[in-house]
2 protein chains.
Amino acid sequence: MAIVTIVGAGMMGSALVFPARHNKNTVRLVGTVLDDEIIDASVKTGRHPKFTVDFPDGVEYYHFSEFDKALHGSDFVICGVSSFGVDWFAQAVLPKLGKIPVLSVTKGMLDLPDGTLLTYPEYWNSVCPEAEICAIGGACTSYELVAEDPTVVAYCGKNRDTLQMMRKCMETDYYYITLTEDIRGVEASVALKNAYAFGVTLTIGINEKMRGEGAKQHYNSQAAAFAQGSKEMRSLVRYLGGNDDSIDVGIGDLFVTVFSGRTRLIGTLLGRGVSLPDALKQLEGITLESNVVSERVGRALRKQAADGRINMEDYPMMDLVYGILTENKKAEMPWKSFAGR
Amino acid sequence: MAIVTIVGAGMMGSALVFPARHNKNTVRLVGTVLDDEIIDASVKTGRHPKFTVDFPDGVEYYHFSEFDKALHGSDFVICGVSSFGVDWFAQAVLPKLGKIPVLSVTKGMLDLPDGTLLTYPEYWNSVCPEAEICAIGGACTSYELVAEDPTVVAYCGKNRDTLQMMRKCMETDYYYITLTEDIRGVEASVALKNAYAFGVTLTIGINEKMRGEGAKQHYNSQAAAFAQGSKEMRSLVRYLGGNDDSIDVGIGDLFVTVFSGRTRLIGTLLGRGVSLPDALKQLEGITLESNVVSERVGRALRKQAADGRINMEDYPMMDLVYGILTENKKAEMPWKSFAGR
């Protein structure tokens, strides 16, 4: 039994309480500076405000002001902040960790002005070289983890011993863990899937626009868009230096995000023809990782294409989602580009 | 405008009438020797008995007894028989074609006693070396094609000119076509997806067994199984000599088959714990390509593993579906094998 400190009381960080506590670890859920209300509500009710079941017994809850106490004796720290908290985590948390390793469930990438794309573990290590950053990717949404629907995820990191220690603490009979050293591949793959899930779910809205809201779903177009997403993800993950097994981790994550992630909401709205500002207004308060990563990756690829390093025609779906989010482009699937000539 | 002769009035063969006729080709739908009733019903009502919309105007219907007439002047023949009609097609149709090329939409593989797996085009060419066989793979179910839900499919064949002629006849604004010479990869990929769709949809039934029929669907387990299917398909298609783009064709086909194919019915039933004989009884009259291909591929891989050519542990999901169909194995997902150690 270990001491697991989770930073970030959003849905995913909070969901990881369940397998961690299932294995009788000491589990300390620490809110970020934005999570005080969630922590207060959890202390009061024993339940996360967005979950439909109670937290397991014996979880310890902390405001971030008590972080030093929550860190004391910890075997590892789970980073459960959103993309918007990545810098905060670098400044407020990483410097305090010393030799305590991190297991990050934050999904996304950063782009530099020259078009370079960095995974979050790489970014954190650029800021804090001594930090040991492992990360989680794969087919796992918070709702479903809480519901104990079985899945397999990948933990990636440089040090096999650390990964094995984390797996021992976290693996349950509904949360299986595969280990890999391919941080770049796993993290690129599961970041990209948010952009591609957005692309795939546009077809749901487009279908509704044609046939009326609530009409029977159609799957040919979803599936063809999924195949295109798979193709572009494979190409990008390889280009970024990741390996093929990590692409499958992303494919599983893409699948679950299409069906039960928050990305489906925005993709469906924009597919219906709702304008971006109206869609964002309707979804106020929901963290849309898809938009963050689509803008960053789209911008980076456009820059790389301008420099002749890649051909943007190889990524028509990424080009589409970037165009929709930044250039007011219409949500129409470029099927002919997907088919190629 | 061309003359397109479709042999096989099952659902997929009949669905291809729609894009073919959309482009004003002369379209001749020829029933196999088992399809006389469907042809009679189509002549009488203008609709396929299993479709909810009428055939387009101007389609010509033929019993197989009139095949010579239906073939006269034809630019190409679409083969729309099921796996059970592959030998019949080799004997009754191929010898009559001369230089008329075939476009096959039949999905599946055959295994030889030494564990060799053959795609149907390869098998037909072994029987009839002079036949020119092209084939269709990708995210396209018959229901959805008839509903004009947009998609992209792949046409594969050795001769680019033939493929371009077929595409010109068949491509519409809801049915886009990509061309490839990788017959082996496309055909293996879209055959294998029937086995893996069976594997993925087991999780739907398993979830219902745990939570009650009609319970809310859960997607973590579906997605993790999908990722495993993707991984095994990739490995097998490569092992069989196919290329990576063809794997994505199979991924799209896997996706659509999980959601709107017939395979979902048997996978869900067996996942619930219904015995194989009871499930087959419930689904009497439905062509289950998944069972055919799972048995053949599973048997071939076991043979190859026994000969030391592959490691069966690399294919735990194929091993599971084979075991369920031939060895009365329980429908339980081997998550730990998927995660690996």
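The rule asks for a side-chain nitrogen of Lys or Arg within 4 Å of a carboxyl oxygen of Asp or Glu. It finds four salt bridges across the interface of chain A and chain B.

I note that this is a predicted model, in which local features need pLDDT of at least 70, side-chain atom pairs count only at pLDDT 80 or more, and totals for chains, interfaces and linings use all residues. Residues are numbered from 1 along each chain as its sequence is written, chains are lettered from A in the order in which they are written, and side-chain values use heavy atoms, without hydrogens and water.

I then checked the whole interface. In it, 49 residues of chain A are in contact (heavy atoms within 4.5 Å) with 49 residues of chain B. The two chains bury about 4100 Å² between them, 57% of it on carbon and sulfur atoms; this is accessible area (1.4 Å probe) lost on being put together, summed over both. On the chain A side, Asn220(A), Asp248(A) and Phe255(A) lose the most area to chain B, together 17% of what that side buries.

Last, I looked at two helices (DSSP runs of H or I, at least four residues) in chain B. H14(B), residues 289–306, packs on H15(B), residues 316–326, at about 115 degrees, with the axes 9 Å apart. The pair is therefore roughly perpendicular, a label for angles of 65 to 115 degrees. Residues that meet include Leu301(B) of H14(B) and Tyr322(B) of H15(B).

Methods:
Axes fitted to C-alpha atoms, helices over the stretch in contact; angles between N-to-C directions. Parallel < 35°, antiparallel > 145°, perpendicular 65-115°, else oblique.
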